[in-house]
Amino acid sequence: MMLAVGVQALLALSVDGQPVRFGVPLPAAAVAQGLRLNGPGALQWRRLPVGTLESDPVWVEIAIVGARGQVRIAAGGQPPVQDQRGAAFVHEVEEERSPAGELRVRRWRWSDGHIDECQRTQFSKSTTIGGETYLAGEARTVWNGERAVRVEPVVHLPRRFWDQGGVLPAGGRIGEAVRKQLAAVRGKLVEMPGVRGAGDFERSQGVVTNLEYDTTLGLLRCAFVLGDSGALSQALRCASHLCDRDFDQRSGLPFTHGPDHRTGMPAPGHAWLQGLLLAGLVAADDDLIAAARAIGRGLASHPPTGSEQYEVARDYAWPLLELEALLAIDPARDLAAAADRLAVSIDRRFDPVARTYRFGEGELGGGVYLERGWITGGLVIPAMARHLQRCPDSLMAERLRLARQGLKDQIGLLGGGIPTHWRTAGGQTYAVHRAQRDATAMLLLDGLEPADLRRLSRRASFRSAVEEVPLPDDPDLPTTFSMVARANWVWN
């Protein structure tokens, strides 16, 4: 199956007779004209439940059945159709209660006779199935049908399609060597055993990662850029796992990593929704989209509470970054207000002498500050930059520029490795820790502008510092893979 963007068509794809169903972002003007299928088969489409009437691009579900060979989707055709006899499929939903919980069955009856079925049980008490015990609050999702085959066309979309749709950073060669390394190690990611473990990973010392740093997002980027169908299938399992196993209905946030899936405490500084949202969009899965929205509401309703040494940057930066990513696709006033408050809180912590945002966790006394450069560059600066795209502010932007300059000046002193943290006092830095082939350093580089990265990438010392990351035998591979694969600069 191969998909490409044609000159006269919005999408051109080659299908083998199997039904396909996936989500893509299309220009609003084209969607407003309706869509048609040029070629054999039947097309069914609808707008996915995100965005507003002013959104551009528009995310739509595309379903095609009865097609073989080359077909094209173009603007100027039928309006959205759903659950209509004679269409590509009919979608059915059944629900029933049992002593164990609630069962919801979704069924897609294709006009050619294929049937896809998704059974999801939400447990209200501990239940053992197939030797695995699911706790109250967990769910179990089982697909019968060719889900990965239905969604596979998104893997073959050309890179520029995702660039134009705002899904990927602009393409380039800066991270080419790192992308090759990610392609080499992706197959080394071994999921935990059983239905309950599928879609999650274990790292050293038996820690269940709970998809820390958004493994789902990293896998989807591998799928789109590297054409890796296996990465797409794995990402969809990760997204389902987050909803079924890791999501805490009381807080609206996922449980954090720990010795089991639901032992760590939910926290806004350890919650990621970008991969989940993107998985829901490309799989045209309303449940996954709803779960991403729920995490957004959870982030908005749990502002940072730490003070003094317990005030940590990630409790401000991660929620802001995730909320802004959600708002870019699905605007909402309450979420925007929460993001605005976080951005103002971060901005108030800017120190023009140290040229960084100071948080209690780094204050060592006597005016000395421990700058965690990898957090400032990898989290705080990208979050503030994303916020300023939605809410331009000249003073806030100037402080962000100074923070970037401070980071760039420190990295510009590149000797052996990349500086990940250092101490600063009175405008001077010392006790600099430099990392070589370190995932935190890879994340730090997201704080630089592309032009600065291009200049750095010409240095042999820079290239040696980022090559072969992550290593295939890394005992913490699931986490280091996620940190590297989520970094924007790696993909441009």
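Is Glu 363 buried, partly exposed or exposed? In this predicted model, Glu 363 is partly exposed, because its relative accessible area is 38%, a value between the 20% and 50% limits of that class. Its side chain forms a salt bridge with Arg 358, where the closest N and O atoms are 2.9 Å apart.

Arg 358 also meets the side chain of Asp 351 in a salt bridge, with an N to O distance of 2.7 Å. Here the setting is that of the interior: Arg 358 counts as buried because its relative accessibility is 18%, and Asp 351 likewise counts as buried, at 15%. Elsewhere, salt bridges with shared partners connect Glu 95, Arg 104, Arg 106, Arg 147, Asp 285 and Asp 287 into one network.

Over the whole structure, a search finds 39 salt bridges. One of them joins the side chains of Asp 347 and Arg 399, at 2.8 Å from N to O. Asp 347 counts as buried because its relative accessibility is 11%. Arg 399, at 26%, counts as partly exposed.

The buried residues of H13 are Met 396, Leu 400, Ala 403, Arg 404, Gly 406, Leu 407, Gln 410 and Ile 411. Because these residues cover an arc of only 155 degrees around the axis, they lie on the same side of H13. The face turned away from the buried side of H13 carries the exposed residues Ser 394 and Leu 395. Leu 395 also takes part in a contact at the start of the helix, where a side-chain oxygen of Asp 393 reaches to within 3.1 Å of the Leu 395 backbone nitrogen.

The whole structure contains eleven aromatic pairs. Among them is the edge-to-face pair of Trp 272 and Trp 318, with 5.3 Å from centre to centre and 75 degrees between the planes. This pair, too, links distant parts of the chain: Trp 272 lies in the loop between strand S17 (253–254) and helix H8 (274–282), while Trp 318 lies in helix H10 (residues 314–329), 46 residues apart. Trp 272 is buried, with a relative accessible area of 5%, and Trp 318 is buried as well, at 0%. Ring pairs also link Phe 161, Trp 162 and Phe 224 into a cluster.

Strand S4 (residues 35–38) has a covered face made up of Leu 35 and Leu 37, whereas Arg 36 and Asn 38 make up its uncovered face. S4 pairs with strand S7 (residues 68–75) in the antiparallel sense, over four bridges. Within this pairing, Arg 36 has Ala 74 of S7 as its bridge partner.

Definitions and conventions
Residues are numbered from 1 along each chain as its sequence is written. This is a predicted model: local features need pLDDT of at least 70, side-chain atom pairs count only at pLDDT 80 or more; totals for chains, interfaces and linings use all residues. Side-chain values use heavy atoms; hydrogens and water are left out. Buried means under 20% relative accessible area, exposed over 50%, partly exposed in between (1.4 Å probe, protein chains only). Helices (H or I, at least four residues) and strands (E, at least two) are DSSP runs, numbered from the N terminus. Two strands pair if DSSP finds at least two bridges between them. A salt bridge is a side-chain nitrogen of Lys or Arg within 4 Å of a carboxyl oxygen of Asp or Glu. Rings of Phe, Tyr and Trp (its six-membered ring) pair if their centres lie within 6.5 Å; planes under 30 degrees apart count as stacked, over 60 as edge-to-face and the rest as tilted. The arc is that of the directions from the helix axis to the C-beta atoms. A polar contact is a pair of N or O atoms within 3.5 Å; within protein, one must be able to donate a hydrogen and the other to accept it, and residues adjacent in sequence count only if both atoms are side-chain atoms.
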